[in-house]
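Please read the following report with the sequence and the model side by side, and look up each residue as it is named.

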Amino acid sequence: MRTANPRTVVIWTLVALVGAAGWTVLALSRGEEVSAAWMVAAALGSYAIAYRFYAKFIAYKVLKVDRTRATPAERLNNGIDFHPTDRRVLLGHHFAAIAGAGPLVGPVLAAQMGYLPGTIWIIVGVIFAGAVQDMVVLFFSTRRDGRSLGQMAREEIGPFGGAAALIAAFAIMIILLGVLALVIVNALAQSPWGTFSIAMTIPIALLMGFYLRVLRPGRVTEVSLIGVALLLFALVAGRWVAESSWADTFTLAPSTLVVWLVAYGFIASILPVWMLLAPRDYLSTFMKVGTIVLLALGVVIALPTLKMDAVTDFASRGDGPVFAGSLFPFVFITIACGALSGFHSLISSGTTPKMIQKETQVRMIGYGSMLMESSVAVMALVAASIIDPGLYFAMNAPAGVIGDTVQNASQVVGSWGYQISPEALARAAENVEEASLLSRTGGAPTLAIGVSEIFSQVTGGGLRAFWYHFAIMFEALFILTALDAGTRVGRFMLQDMLGNVHRPFRNVSWKPGLVVTSAVVCGLWGYFLWVGVHEPLGGINQLFPIFGIANQLLAAVALAVCTTLLVKSGRLKWAWITGVPLAWDATVTLTASWQKVFSSDPKVGFFKQRQVFQDAIDRGEVLPPAKSMDDMHTVVTNSTVDGVLSAVLALLIVVVIADALRVCVRHVRRPALSTLSEAPYVESKITAPAGLFPTKEEKEEERRAVASAGS
């Protein structure tokens, strides 16, 4: 047993003290001003301890990752979907793929409940649930030739529960992709700066892909420097374009953006993964991580104070203007991706296991990427909590509640206990060169305001408008990388499903199969997006209210599969690692589903909302948000569809969990009846570090491998 290095003990003790100090200040401060830097300290200290100790314990003690075992990327390498990818590029791809709209907007909306509940769930949730799910799913999928989550459920739980998981996972995936695409359309519509800059990332990524594959294989540092330089130029050039005669060319209507997004999603999902998807995600990670790091530094330098209450009255009353419902369970549903996200399990069982070089890298890529995304959520919560609460509620409350004038909005927000003058509301919009900030719902504009506030305190108030529009563009780029990877994963899921009926589909790189399934996936989410863009209450807008619940229900499927595999693979004593998060997630999400279906509050319950609007139709009355009788009928249809879908998805997840429990109990009683679909052991010929920076032993191993190859 190795003796701990005194210097290491001192360093980790200091890290623990920093994190503990942050938590202490956040927990005990009531009524006085609290610096946002304490939130950052609590998060970073907790992340560091969790990655160093808990993640390492799970990877090496529980999962027993094997560096000598060949991964699917090595054994099945075909240059299309299976391709051994440098850990640094793959880390960028995985992070970019999982980091979508959730960590940006979810914490912003959850700030309605105060900054403390969200902070606790984001940090504690990611350490014990979200990052664990991502790493364990990635490990088990890697051991099974990169099988999708639904297919693993079918093979390990059984055809009944597996079929429920396949159907639920694919349906939820289409909903998630449609919602992600809608956020992108809303962010890029009429934005030439954002459209140009994001469009330029595609040729830059293609150049990087060919550079690494053909021109200078393995030269990751070189291609990174080239890519970052070109990306920064694209960002600067985007503003030039927006102020030039070319602005009209890149000022696209929402319907045009839909066509381009669907076309891009299709092409990105069928091209070889090394050519566009991986390098583009890796490239965007520099901007994503760089912006978040700069935000954290800005908080440390400017030391902005948290102006939102630690816990607001809305947390207990459940009548908040941003979203209805009490703190439990809806704050956990709203935050979603920042702490635990079912969407991540699809990436961890989709593109990433087909590209990872070594099993030992699952800790850095699975657990580490999720910690990075959680840090994004923390910074989003900071951004929402440092602005004036009156401005926050004026931006996030619907127009039907606060009206469309600053005078009326000031009066309504003041009745909630948050004072802000009409002049202050008008000045806030003027500072960022917007006509109005009232009812800019969805979270993204609020985040942009918070980002501009932090950066302008460091660089000067004259750049506030620049930072605001930069943040809007940053959010669109942030989300787009989840859309292209998600489309490819949706293709894998559909291929796995069809492979149970027609065997050739099991080969995910079979060209006729990948073209057909890619077209189907893009067509499905593209249809909902198209209708949603043209009908404010239709299409994907119809499904938006169940986005958070659907995502968390998918996490329950992933955790159920992981728990089953831990039990069946002889790790029963460690099943609590995923079993406890599963119990919590199932309790929260099924409670939320029950309330959304059966609540007597029309702001919460879908069927109650349907009844209220139907009664109004019978009286000939139009209720907001409807503006006409046709809208009233649409709301009734939407409420019915959302209520039925919520019930069906919850029922499917109950079936999966119950069947998983049956399999676990059967294995404990009669282990001989259990079988595992794990791929046979093949010795690896690849040498690659487990972490971002190689250890002395790994450097020596690499040196010996190079010498052996040259002899």
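Which two side chains, those of Arg 704 and which partner, meet in a salt bridge of 3.7 Å, N to O? The partner of Arg 704 is Glu 700, where a salt bridge is defined as a side-chain nitrogen of Lys or Arg within 4 Å of a carboxyl oxygen of Asp or Glu.

Before going further, note that this is a predicted model, in which local features need pLDDT of at least 70 and side-chain atom pairs count only at pLDDT 80 or more, while totals for chains, interfaces and linings use all residues. Residues are numbered from 1 along each chain as its sequence is written, and side-chain values use heavy atoms, with hydrogens and water left out.

**Salt bridges**

Arg 704 and Glu 700 are 4 residues apart in helix H29 (residues 696-710), so about one helical turn separates them; helices here are DSSP runs of H or I with at least four residues, numbered from the N terminus. Arg 704 is partly exposed, with a relative accessible area of 47%, and Glu 700 is partly exposed as well, at 30%. In these terms, buried means under 20% relative accessible area, exposed means over 50%, and partly exposed lies in between (1.4 Å probe, protein chains only). Elsewhere, salt bridges that share partners join Arg 69, Arg 143, Glu 359 and Glu 678 into one network.

The structure holds 23 salt bridges, and the table lists some of them.

| Pair | N to O distance |
|---|---|
| Arg 216 and Glu 222 | 2.6 Å |
| Glu 453 and Arg 464 | 2.6 Å |
| Arg 704 and Glu 700 | 3.7 Å |

Glu 453 counts as partly exposed, at 21% relative accessibility. In the pair of Arg 216 and Glu 222, Arg 216 is partly exposed with a relative accessible area of 33%, and Glu 222 is partly exposed with 25%.

Val 293, Leu 294, Leu 297, Ile 301 and Val 458 make a nonpolar surface patch of about 450 Å². Such a patch is made of residues with over 30% relative accessible area and no salt bridge, nonpolar side chains (Val, Leu, Ile, Met, Phe, Trp, Tyr) being joined within 5 Å, and accessible areas come from the Shrake-Rupley method with a 1.4 Å probe. Helix H12 (residues 277-302) gives the most to this patch, with 4 residues. Val 293 lies in H12 and is partly exposed, with a relative accessible area of 44%.

The 26 residues of H12 should span 38 Å at 1.5 Å a residue, and the end C-alpha atoms are 37 Å apart, which agrees; the expected span is 1.5 Å times one less than the number of residues. Just after H12, Leu 303 takes a positive phi of about 50 degrees.

**Backbone details**

Asp 145, although not a glycine, has a positive phi of about 60 degrees, and Asp 145 is found in the loop between helix H6 (115-142) and helix H7 (149-156). Ser 439 also has a positive phi, near 55 degrees, in a residue other than glycine; Ser 439 is found in the loop between helix H20 (422-431) and H21. Asp 145 is partly exposed at 27% relative accessible area, whereas Ser 439 counts as buried at 19%.

Finally, a cis peptide bond joins Phe 328 and Pro 329, with omega about 10 degrees, and Pro 329 has its place in helix H14 (residues 327-335).

Notes: Patch = residues over 30% accessible without salt bridge, like charges linked within 9 Å, V, L, I, M, F, W, Y side chains within 5 Å. Helix = DSSP H or I, 4+ residues; strand = E, 2+ residues; numbered from the N terminus.
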